[in-house]
Amino acid sequence: MTAQSPSGKASTRSKRADAQRNHRAVLTAASEVFVTSGVDAPIRQIAARAGVGMATIYRHFPTRADLITAVYHHQIEECAEAGPRLLAGSDSPFDALRQWVDLFADFLVTKHGLADALQSDSDRFAALHTYFIDRLLPVSAQLLDAAAEAGAIKPGIQSYELMRGIGNLCIGRDSDPRYDPRRLIDLLLEGLRRPQSA
């Protein structure tokens with residue numbers, strides 16, 4: 001049991017830790033729900049997945065736009081932090097690149113509903129897009145450079161072009177459930193590979 005000072009600091013710390021855990025749980029759950037059900041998914045579905053009450057979600061995120069913005073930031077940070085971790089822990093730089101592209105594609109599927117959801121707040125959307133480019137371009141470049149230095153892919157592939165290409169392949173996913181962008185993304189990645197000499 002935690003000892004509590006007369007000022008109630010331990011209790012305050014515990015509440016703050018609970019609030020942070022709930023905040024993370026909601027963002028993780030919302031990210032997953034948005035991938036499968038879109039950004040208009042019912043809040044109760046997100047609350048159920050996060051294991052919290054709907055009031056908890058509304059306390060942290062008073063509007064849907066607040067929640068969507070926070071999920072977007074959360075996913076950008078997850079993608080950005082995953083790059084170096086995958087490079088350090090994967091069998092090869094190309095494997096790290098492939099795994100990171102999978103995360104990036106998940107993120108893009110969620111992102112496609114963002115513009116419509118934030119159409120009344122174009123400044124917020126523009127700021128998020130700038131943040132997205134500033135955070136993820138260097139990570140993508142680091143992965144491409146490592147794969148090129150290892151001889152796995154052709155040199156000179158631009159980070160922005162790769163991210164834009166993957167983004168374009170993901171666009172049709174929302175309107176056609178039969179379309180799986182991952183199959184074409186796999187072909188794109190294979191096309192980056194340097195032919196191995198016999």
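Which residues are exposed on the other side of α2? The legends below answer this and describe other parts of the chain.

Figure 1. Residues are numbered from 1 along each chain as its sequence is written. In this predicted model, local features need pLDDT of at least 70, side-chain atom pairs count only at pLDDT 80 or more, totals for chains, interfaces and linings use all residues, and side-chain values use heavy atoms, with hydrogens and water left out. The mean pLDDT, the predictor's confidence in each residue from 0 to 100, is 85 for the chain, and 85% of the residues reach 70 or more. Confidence is lowest in helix α6 (residues 114-117), with a mean of 62, and highest in helix α2 (residues 43-50), at 95.

**Figure 2. Burial and surface of the chain.** Of the 198 residues, 36% count as buried. Buried means under 20% relative accessible area, exposed over 50%, and partly exposed in between (1.4 Å probe, protein chains only). The chain exposes about 11300 Å², and carbon and sulfur atoms supply 51% of that area. Accessible areas come from the Shrake-Rupley method with a 1.4 Å probe; for residues, only the protein chains shown count as cover.

**Figure 3. The largest nonpolar core has 32 residues.** A nonpolar core is a set of buried Ala, Val, Leu, Ile, Met, Phe, Trp, Tyr and Cys residues joined through side-chain atoms within 4.5 Å. L97, W100, F104, F107, F132, L136 and I166 have the most contacts inside this core. Two or more residues come from each of α4 (64-89), α5 (93-111), α7 (122-149), α8 (159-170) and α9 (181-192). Helix α5 gives the most, with 9 residues. Leaving aside residues up to four places away in sequence, F104 touches C79, F132, L136, M163 and I166; contact means heavy atoms within 4.5 Å. Another core, of 19 residues, lies apart from the largest one and includes A30, A41, A50 and I57.

**Figure 4. Helix α8 and its buried face.** The 12 residues of α8 should span 16 Å at 1.5 Å a residue, and the end C-alpha atoms are 17 Å apart, which agrees. The expected span is 1.5 Å times one less than the number of residues. The buried residues of α8 are S159, L162, M163, I166, G167 and C170. Seen down the helix axis, these buried residues fall within an arc of 130 degrees, so they line one face of α8. The arc is that of the directions from the helix axis to the C-beta atoms.

**Figure 5. Helix α2 has a buried face and exposed residues on the other side.** I43, I46, A47 and A50 are the buried residues of α2. They fall within an arc of 100 degrees down the axis of α2, so they line one face of the helix. On the other side, R44 and A48 are exposed. G51 follows α2, and its phi is positive, near 75 degrees.

**Figure 6. R49 in helix α2.** R49 is partly exposed, with a relative accessible area of 47%. R49 and T28 are 21 residues apart in sequence and 9.0 Å apart in space, C-alpha to C-alpha. Not counting residues up to four places away in sequence, R49 touches A29, E32 and V33.

Definitions and conventions. Helices (H or I, at least four residues) and strands (E, at least two) are DSSP runs, numbered from the N terminus.
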